[in-house]
Amino acid sequence: AAAAAAAAAAAAAGVGEEKSGELGGAAGGGGDGGSKITALQDAGRRMSMAPTDDYTVELDKLHATVSKWVRDFFHPDHSAPHMQGSSLAGSRSLPLNVVRSSLAKRALLKDMTRLCIFFGKEETEVSILPLFLTIINERDWELRHAFYVHIPELCAFLGPAATELIMPFFDGAAIFDIEELVVSRALLCLAALAELGLLTRSIMLTRAQLATPLLLHPSSWVRNGAVALMASVARRLGFPDTHVLLLPKLNDFTTFDLGTVLAPDDSAELTSDMITQALRTPVSRQAFKLTLMRKSDAKRSSNSNSSNSSNSSSSNKGATS
């Protein structure tokens with residue numbers, strides 16, 4: 001990228017020198033004064049336009065080159081050898097080039113702001129955003145965690161309209177990730193988006209309601225993320241909407257009505273400390289795991305029954321025919 005940028009600058013400088021030579025010839029040649037002035041004006045216009053046009057062409061080429069590199073990071077060759085015991089892969093076995101791809105993606109996420117500025121708003125939204133959204137389904141949980149750390153930068157650059165496009169990914173994949181640290185970071189990501197004013201009131205209330213059960217999660221990381229989200233939503237809503245729309249959702253998980261600790265005026269603010277002190281005792285880890293096992297068994301049984309019903313229907317149709 002640096003070499004391409006240097007080539008673009010050299011090309012622009014070369015064009016400028018060529019035009020400067022034309023300008024000197026026009027100034028030293030014979031003829032009347034009006035012709036000289038006209039020649040100078042024409043040369044000046046060509047000098048100001050030609051380097052700009054050339055720079056644009058070179059910049060477009062540079063954009064295309066870097067964009068190809070980014071796409072290559074997101075589409076590795078899965079025929080590469082595997083790496084066992086990688087810190088990125090955890091206990092899983094991942095192809096070596098996938099591990100390298102994860103490192104590259106995390107580096108891109110870390111430098112998200114400069115990448116957005118380089119590509120510009122339109123190209124970032126059309127070409128870069130769809131690629132980064134695929135990270136949500138990555139096997140590497142640390143990469144998913146990094147995504148939620150840095151995605152507010154991308155949303156702040158693109159604005160509220162583009163932010164709404166990624167909200168469906170916060171309905172299940174993020175808030176109910178298998179890794180608790182990813183869930184916690186996803187909740188903090190939503191809190192940051194709310195603080196930046198990038199979420200509509202409807203979206204804030206919907207995601208807050210979806211996350212309220214996590215206020216009693218066994219993990220303190222998840223609970224803190226949920227509390228941060230509720231406090232951020234409350235600040236953005238203001239006292240009246242918080243009292244009417246948010247508190248009824250929170251009071252199902254608190255030992256007392258949070259409305260009783262808020263002063264009845266517009267300056268009242270529902271803080272993280274208030275919510276934390278009012279929460280009920282969290283669900284124990286043992287009870288949480290037991291509930292997950294029961295739900296898993298029920299889902300497996302339901303799928304088995306559905307499969308048996310389908311096979312039975314097929315057999316009956318075959319017998320009838």
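Visitor: Why are helix 6 and helix 8 called roughly parallel to each other?

Guide: Their axes come within 9 Å and cross at roughly 5 degrees. Axes here are lines fitted to C-alpha atoms, for helices over the stretch in contact, with angles from 0 to 180 degrees between N-to-C directions. Angles under 35 degrees count as roughly parallel, over 145 as roughly antiparallel, 65 to 115 as roughly perpendicular and the rest as oblique. Helix 6 and helix 8 are therefore roughly parallel. A word on the source: this is a predicted model, in which local features need pLDDT of at least 70 and side-chain atom pairs count only at pLDDT 80 or more, while totals for chains, interfaces and linings use all residues. Residues are numbered from 1 along each chain as its sequence is written, and side-chain values use heavy atoms, with hydrogens and water left out.

Visitor: Which residues of helix 6 and helix 8 meet?

Guide: On helix 6 they are W141, R144, H145, Y148, V149, I151, P152 and C155, and on helix 8 L181, V182, R185, A186, C189, A192 and L193. Contact means heavy atoms within 4.5 Å. By class, this contact has 12 nonpolar, 1 polar and 2 charged residues. The classes are nonpolar for Ala, Val, Leu, Ile, Met, Phe, Trp, Tyr, Cys and Pro, charged for Asp, Glu, Lys and Arg, and polar for the others, Gly among them. The helices themselves (H or I, at least four residues) and strands (E, at least two) are DSSP runs, numbered from the N terminus. The protein has 13 helices and 2 strands.

Visitor: What makes Y148 buried or exposed?

Guide: Buried means under 20% relative accessible area, exposed over 50%, and partly exposed in between (1.4 Å probe, protein chains only). Y148 has a relative accessible area of 2%, so Y148 is buried. Leaving aside residues up to four places away in sequence, Y148 touches I136, F170, A174, V182, R185, A186 and C189. Its C-alpha also lies 9.5 Å from that of S184, 36 residues apart in sequence.

Visitor: How do you know whether N137 is buried or exposed?

Guide: With a relative accessible area of 64%, N137 is exposed. N137 sits in the loop between helix 5 (121-133) and helix 6 (141-158).

Visitor: What makes the rings of F147 and Y148 a pair, and of which kind?

Guide: Rings of Phe, Tyr and Trp (its six-membered ring) pair if their centres lie within 6.5 Å; planes under 30 degrees apart count as stacked, over 60 as edge-to-face and the rest as tilted. A search of the whole structure finds 2 aromatic pairs. For F118 and F119 the centres are 5.0 Å apart and the planes at 75 degrees, so that pair is edge-to-face. For F147 and Y148 the centres are 5.1 Å apart and the planes at 80 degrees, so this pair is edge-to-face too. F147 is buried at 1% relative accessible area. F119 counts as buried at 5%, while F118 is partly exposed at 28%.

Visitor: How do you know on which side of helix 4 the buried residues lie?

Guide: In helix 4 (residues 112-119), M112, L115, C116 and F119 are buried. They cover an arc of only 100 degrees around the axis, which puts them on the same side of helix 4. That arc is taken from the directions from the helix axis to the C-beta atoms. The face turned away from the buried side carries the exposed residues R114 and I117.

Visitor: Why is helix 8 described as roughly parallel to helix 10?

Guide: Helix 8 (residues 180-195) and helix 10 pack at an angle of about 10 degrees, with their axes 8 Å apart. That angle makes helix 8 roughly parallel to helix 10. Their contact includes L187 and L188 of helix 8, with W221 and V222 among the residues of helix 10. The contact residues divide into 12 nonpolar, 3 polar and 4 charged.

Visitor: And what makes helix 10 and helix 11 parallel or antiparallel?

Guide: The axes of helix 10 (residues 220-237) and helix 11 (residues 239-250) come within 8 Å and cross at roughly 150 degrees. Helix 10 and helix 11 are therefore roughly antiparallel. M230, V233, A234 and L237 of helix 10 make the contact with F239, D241, T242, L246 and L250 of helix 11. By class, that contact has 7 nonpolar, 1 polar and 1 charged residues.
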